[in-house]
Amino acid sequence: MEISNPGRGWYHIYTFPAKPPEDGRPVDGEVWLDDACRRETLALALVDMGCCRSCELPPEVLEHLERILQFFRKERKQVILRPAYDIRGDGMVREPYERGLVKRHLEQIGAVLSRHAEDILVVQGLLVGSWGEMHGSRHLNPESLRELAETLDGAAKGACFLSVRTPEQWRQVTGGRTCVRELRGRLGLYNDGIFGSPTDMGTYGGLEREKELIWQKRHLAGTPNGGEVLFCAPPAGYEEADRVFRMMHLSYLNSIWQQAQLNVWRGQTVRGRGCWDGVSGFDYIGRHLGYRFVVRGVRALPGRKLRITVENCGYADFSQETDGYLVLVPKGTEGPPVRVRVSADAGNWRCGQKARFVTGLSEENVRMGRTEVYLRLELRSDRTPVRFANRGAGEQVLLGEIGQ
């Protein structure tokens, strides 16, 4: 079953110039959304900042960036944001020579991010490198990486997840004495070379790929990680992709690039995996991107308490703040539903594991008569429902009935 949930899944790329169009078109006129785009809850906004390589970002650029974020909010999509000096493969030519100007740009962008953090899933990169992918740049030594990452994180007031291109860059950013300790928990990876070569197109450098995957499994469960897959002979089947994505804690993936590899998964059929038998490999992967919550059991305990077991079957942990509720719906009466706050923390529902939490009902709740009990989860930021994958669940999942 496909579930439309925030902060995970497939995405398209939408490219914008840093400066607004000269003809005054609104952002709506810069973006074309077909049905496939509208079904996705994520959007990668690639913003070409090359026009500002020799000056501070002028007000119209910062205002345009805000309008881009506001547009996707209106379309109910969280943004994977990649502002980059280069989107053509000429990173060294199109980026500022002085690191100080890069820092100033990150400070200006960070101020915008701090005001729109709820609309942003993750920020990819630090402006530099070809295609914003942090290679082919003069600003990639460990000292520069740490300084630029800390500048952006500080300007954004620690409100956003950030990501770098490779595991080694992650270790360089977080390994310095001056690293803000909390940044380690907000820094993920974006890998745009998945399966493209034995090293994922240089993502893993000279180290063994399998060792780096094990490292990612240990260190990156709580951050949004994603990227793009490439076609390479022999192509990766869905079973190998499933294994790798679980180790990468993959939350999001490009739904367009590269079709040759995506079509391999579309042409494969899942066998021997219970309820997934007969599903295409493509759909199996897509439905496991990010988190996937399933209520596995409910047990009544003494003292009007319920113990609820939830399994996260997805590739990644949940990375946003939520509020949980029991929703009590009386049967056979016109009484309104009653919401009871529960202490469930979806951030602790780890991928590949089951989690249990206990919540209680009041005596008044129990005396409501026959009542259906639902579990509901919402984003704290805007009350968007986080849906469970149980069969028949909508915005909340039925746990059972209580009453006379």
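## An antiparallel pair

In this predicted model, strand β10 (residues 305–312) and strand β13 run antiparallel and are joined by 7 bridges. If you want a place to start looking, T309 has R356 as its bridge partner in β13.

Strand β13 (residues 354–360) has two faces: A355, F357 and T359 make up the covered one, while K354, R356, V358 and G360 are on the uncovered one. In a regular strand, side chains alternate between the two faces of the sheet.

## The barrel

Now turn to the barrel, where 8 strands close up in the order β1-β2-β3-β4-β5-β6-β7-β8 with parallel pairing. From one strand to the next, the twist averages 30°.

## Helices across the strands

Helix α6 (residues 167–174) lies across β5 (162–164) and β6 (187–194), and runs at about 160° to β6. Helix α9 lies across β1, β7 and β8, at about 100° to β7.

Which residues of helix α9 (residues 259–266) are buried? They are Q261, L262 and W265. Viewed down the axis of α9, the buried residues fall within an arc of 100°, so they line one face of the helix. An α-helix has 3.6 residues a turn, so residues three or four places apart point the same way. The cover over the buried residues of α9 includes β1 (9–17), β7 (225–229), α8 (238–248), β8 (250–254) and α10 (281–288).

## Aromatic pairs

Searching the whole structure gives 18 aromatic pairs. In one of them, the rings of F16 and F72 have centres 6.2 Å apart and planes at 85°, so the pair is edge-to-face. Because F16 lies in strand β1 and F72 in helix α2 (residues 59–74), this pair ties together parts that are 56 residues apart in sequence. Both F16 and F72 are buried. The rings of W276 and Y284, with centres 5.2 Å apart and planes at 80°, are therefore edge-to-face as well, and both W276 and Y284 are buried.

Ring pairs also link Y291, F293, F318, W349, F357 and F388 into a cluster; F357 belongs to the covered face of β13.

## Arginines over rings

Two arginines are worth a look. R266 lies over the face of F282, 4.2 Å from the ring centre, and R339 lies over the face of Y325, at 4.1 Å from the ring centre.

Conventions:
Residues numbered from 1 in each chain as written. Predicted model: local features only at pLDDT ≥ 70, side-chain atom pairs only at ≥ 80, totals over all residues. Heavy atoms only, no water. Buried < 20%, exposed > 50% of the residue type's maximum accessible area, 1.4 Å probe, protein only. Helix = DSSP H or I, 4+ residues; strand = E, 2+ residues; numbered from the N terminus. Pairing = 2+ DSSP bridges. Arc of directions from axis to C-beta. Contact = heavy atoms within 4.5 Å. Phe/Tyr/Trp six-rings, centres within 6.5 Å; stacked < 30°, edge-to-face > 60°. Lys NZ or Arg CZ within 6 Å of the ring centre and 35° of its normal. Axes fitted to C-alpha atoms, helices over the stretch in contact; angles between N-to-C directions.
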